Amino acid sequence: MVFSSSLFLLYFFPLFLIIYYLADVKYKNNIALFASILFFSWGAPLFIFVVLGSILIDFFLVQKIYSSEGKMRKQLLFLSVLLNLGLLAYFKYSNFFVENINALVANWCAHGIAWTSIALPIGISFFTFKKLSYCIDVYRNTHKPFTKITDYGLFILLFPELIAGPIVRFNEIADQIVDRKNQETIDNKLLGLFRFVIGLSKKVLIANVLGAEADKIFALDANTLNTPVAWIGILAYTFQIYFDFSGYSDMAIGIARMIGFKFPENFDNPYISQSITEFWRRWHITLGRWMRDYLYIPLGGNKVKSKARLYFNLGLVFLLSGLWHGASWNFIVWGCFHGLFLIADRVFLLSFYEKIGRIPSTIITFIVVMIGWVFFKTETLTQATAFIKKMFSFDFSSYNIYFEMNFWTMLFLAILFSFTGGFARVVRMQENVLFLEYSLRRVLITSVICVMLFIICEAAITSSGFNPFIYYRF
Amino acid sequence: MDKVKKYLFALLLIGLLIPAIQNRIKFMNVKPLYGSFNVEALPKYSWSSWFLGTFQPALEVALDQNMLIRPAFVRLNNQLNYSLFNLANAKSVVIGKEGYLFEEGYINSYLGHDGVNEGAIKLKIEKAKYVQRELEKRGKHLLILLVPGKASYYSEYIPDRYLSEGKKTSYYDLFSKHLPGSGLNYIDLKGYFLKMKNKTPFPLYPKQGVHWSSYGATLAMDSIINYIKYDFKIDVPTMTINEIDTPIETRDSDYDIGDGMNLILKMSHNQMGYPKIKFDTDTNKIRPNVLTIGDSHFWTLIGFGLNKNVFKNNAFWYYNKIAYVAPYKEAPVNPYNLRKEIDSQDIIILLQTEVYYNNIGMGFIESAYSLYKNNW
């Protein structure tokens with residue numbers, strides 16, 4: 001079930017909220033857990049049993065970690081991490097691993113491994129990271145573990161962020177899971193609803209329109225394109241992925257706020273970044289922080305003895321970050337590509353950017369990000385390289401392709417919304433809209449706007465079969 | 001202040017349930033959608049369908065399609081797309097200059113972008129000639145009608161993006177080259193319509209319809225009757241136009257693409273004329289048995305009563321697939337009865353719109369050719 005479907009918007013969402021609000025406070029978590037299980041099993045009716053089983057094991061294992069000391073504590077942590085990474089490896093990476101082994105042995109005319117492909121369960125990358133944060137945070141004594149298994153189940157399965165984030169870490173949400181009475185204010189409910197509608201509009205009205213054209217261009221043989229069409233294609237995808245993913249995060253944050261949770265922000269105007277280092281502080285923030293706190297810092301972080309080791313750590317983190325996004329060479333290359341620029345930032349790029357100024361460095365960074373997205377969008381490295389080649393081939397021969405006015409309009413709006421975040425006044429406006437309390441007058445005006453946007457979005461959803469969520473692949 | 005906010009929030013929440021409430025108690029009248037589309041039935045739940053994951057997507061699709069408020073949502077979406085972006089959310093509909101609506105296939109046929117094959121056309125003409133000769137031996141006639149496509153009639157309104165490749169040789173160009181002098185009986189209605197353009201009091205094609213207008217159909221019908229009368233020398237009943245209605249709204253199929261766009265507001269259209277036709281009722285006139293094989297343009301002529309008043313047997317084989325025989329009951333065309341069917345006719349009309357010029361007769365010529373060649 002996706003948020004931008006009639007089933008969710010017109011049935012699941014309102015019914016859940018009504019039951020949730022009418023229920024006594026002691027039942028609220030159970031209602032949210034039941035709704036989350038239903039939500040997850042809708043798309044993964046068999047895999048839910050694996051998840052529930054792993055939640056059960058994790059819960060007791062982590063309690064044991066909490067009560068143990070010394071070597072035993074470490075061993076239990078290792079077991080818990082192994083269990084969760086093992087599940088992720090089996091369900092997400094085994095197909096890729098076997099395919100590559102078979103391709104390798106085929107060169108020596110040997111028989112490959114007989115293998116039946118495994119379907120990728122939705123959201124596995126996201127909830128695995130949450131589970132890891134739980135056992136590691138408890139191991140580090142950052143927070144006490146849950147005492148009720150239903151609370152832990154709710155933390156892992158909470159449906160707003162279950163399948164596409166933001167990746168909420170245990171220590172950020174543990175207290176809210178247990179008690180959030182103070183957060184269930186009418187202002188939070190209204191602002192949460194507004195945030196949800198903003199996210200829905202980003203996804204349905206902008207991302208879907210741009211995505212349709214990006215798909216059209218990327219479906220063509222890259223060798224037959226000309227340079228402008230290739231750039232339009234990657235530009236469309238660049239904004240599609242941003243408005244799609246950040247729209248989803250807005251919806252998740254909005255629903256969570258409506259039921260008393262405060263989720264961390266996941267995006268902060270990423271396309272105004274002046275370096276790839278800055279980009280990763282603004283793009284998928286919760287993943288970046290997770291990688292930093294649970295991988296980069298344990299590897300030594302910035303406090304390593306040699307620069308070589310520092311660069312190795314950075315490269316490794318981004319290689320794994322690429323692999324986290326998907327089991328394919330393209331994602332690995334995408335991760336390495338970003339890792340490379342992060343290293344380059346440390347070596348010379350940041351000082352170069354400082355010399356050339358804000359606008360040129362933003363443009364260069366944006367182009368680097370766009371080139372990276374080519375690997376993200378295409379299925380194979382051959383397709384990616386052919387596409388990038390076309391982007392820089394300066395081929396201006398005529399090409400018969402037509403883009404409707406709605407595409408240009410949405411592209412313009414996407415550019416406007418993405419880049420005006422570089423102005424202090426716009427940032428203040430964003431903060432004003434998203435975070436500050438509303439006066440009654442403002443609530444009324446925003447309600448009218450949101451009702452209109454919601455109706456337009458639902459009209460678009462019910463009229464169109466094209467409604468994919470990109471981040472469901474991960 | 002919080003109280004007002006609480007009421008407002010409750011109102012917004014209930015608002016989300018309006019479509020579900022409408023499905024239960026149907027408290028609003030919603031204008032249904034026009035056109036052809038599938039509506040899936042709600043799937044039956046079973047544990048196996050749940051665990052196989054087939055129930056869930058089927059329910060999502062069916063819920064969407066069975067929402068009673070859906071037509072209102074679709075019309076709103078289409079209206080916004082049309083009004084803001086000049087975009088048509090209907091299969092193959094192209095919005096031309098000044099709001100003239102086309103179907104893409106007709107534009108491609110007019111521009112010769114539909115992959116013309118001269119060899120195939122020459123062969124088709126040869127076979128048609130053979131069939132015509134065999135029919136004539138049996139005292140029967142074959143008549144081919146080349147009906148124009150809307151894109152030919154309103155070529156000046158075709159969007160520029162279709163013109164960038166330029167106009168190539170079209171099927172019409174090939175027929176214009178090979179039909180004259182072939183001996184085949186045909187009426188070039190396309191040429192006639194283009195000649196009459198701007199000379200008639202009302203447009204021969206409507207701005208928002210794909211088929212010829214009522215006035216255009218009247219001209220076509222008059223041409224057919226005259227051809228039968230003067231070239232086949234059959235004294236069929238003639239027709240006269242008594243008066244012409246000029247209503248504010250369009251009628252019949254004059255707004256069929258517009259309807260298919262399922263908008264909230266009606267688009268501005270040209271003033272159309274609707275002739276009131278009177279047919280000759282002289283009992284001495286001959287009403288031949290006529291079988292027409294063709295596309296939907298013929299429905300307008302049936303609507304005017306051509307079959308009923310000029311022809312005797314009212315037979316229409318729609319796309320050579322579905323047989324409509326008075327009183328227009330549907331039945332599949334049965335190729336094994338072709339001999340019997342031809343035997344019972346005086347005239348066989350092959351009516352083809354430009355987009356189907358590549359397949360004149362829609363298989364009839366080939367079937368009849370085979371029959372005659374096999375010493376029928």
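**Interfaces and selected residues of a two-chain predicted model**

B:Tyr319 is placed in the loop between β8 (315-318) and β9 (322-325) of chain B, where helices (H or I, at least four residues) and strands (E, at least two) are DSSP runs numbered from the N terminus. The model is predicted, and local features need pLDDT of at least 70, side-chain atom pairs count only at pLDDT 80 or more, and totals for chains, interfaces and linings use all residues. Residues are numbered from 1 along each chain as its sequence is written, chains are lettered from A and ligands numbered from 1 in the order in which they are written, and side-chain values use heavy atoms, with hydrogens and water left out.

Most residues other than glycine have a negative phi. B:Tyr319, although not a glycine, has a positive phi of about 55°. With a relative accessibility of 23%, B:Tyr319 counts as partly exposed; buried denotes under 20% relative accessible area, exposed over 50%, and partly exposed the range in between (1.4 Å probe, protein chains only). A positive phi, near 50°, also occurs at B:Met362, a residue other than glycine. B:Met362 lies in the loop between β11 (347-353) and α16 (364-373) of chain B and counts as buried because its relative accessibility is 11%.

B:Asn78 is situated in helix α5 of chain B and counts as buried, at 3% relative accessibility. A polar atom of the B:Asn78 side chain lies 3.0 Å from the backbone oxygen of B:Met261. Apart from neighbours within four places in sequence, B:Asn78 is in contact (heavy atoms within 4.5 Å) with B:Leu87, B:Asn89, B:Met261, B:Asn262 and B:Leu263.

Between the chains, 36 residues of chain B are in contact with 47 residues of chain A. The two chains bury about 3,700 Å² between them, 75% of it on carbon and sulfur atoms; buried area is the accessible area (1.4 Å probe) that two parts lose on being put together, summed over both. B:Lys5, B:Phe9 and B:Leu16 supply 18% of the area that chain B buries against chain A, more than any other three residues. B:Lys5 also forms a salt bridge with A:Asp187, with 2.7 Å between the closest N and O atoms; a salt bridge requires a side-chain nitrogen of Lys or Arg within 4 Å of a carboxyl oxygen of Asp or Glu. The count of salt bridges between chain B and chain A is 1. On the side of chain B that touches chain A, α1 (2-16), α2 (18-25), α3 (47-52), α4 (55-66) and α5 (70-85) of chain B each give two or more residues. The most, 9 residues, come from α1(B).

A:Leu9, A:Pro160 and A:Pro166 supply 25% of the area that domain 1 of chain A buries against domain 2 of chain A, more than any other three residues. The count of salt bridges between the two domains is 0.

Note on methods: Polar contact = N/O pair within 3.5 Å; in protein donor to acceptor, adjacent residues only side chain to side chain.
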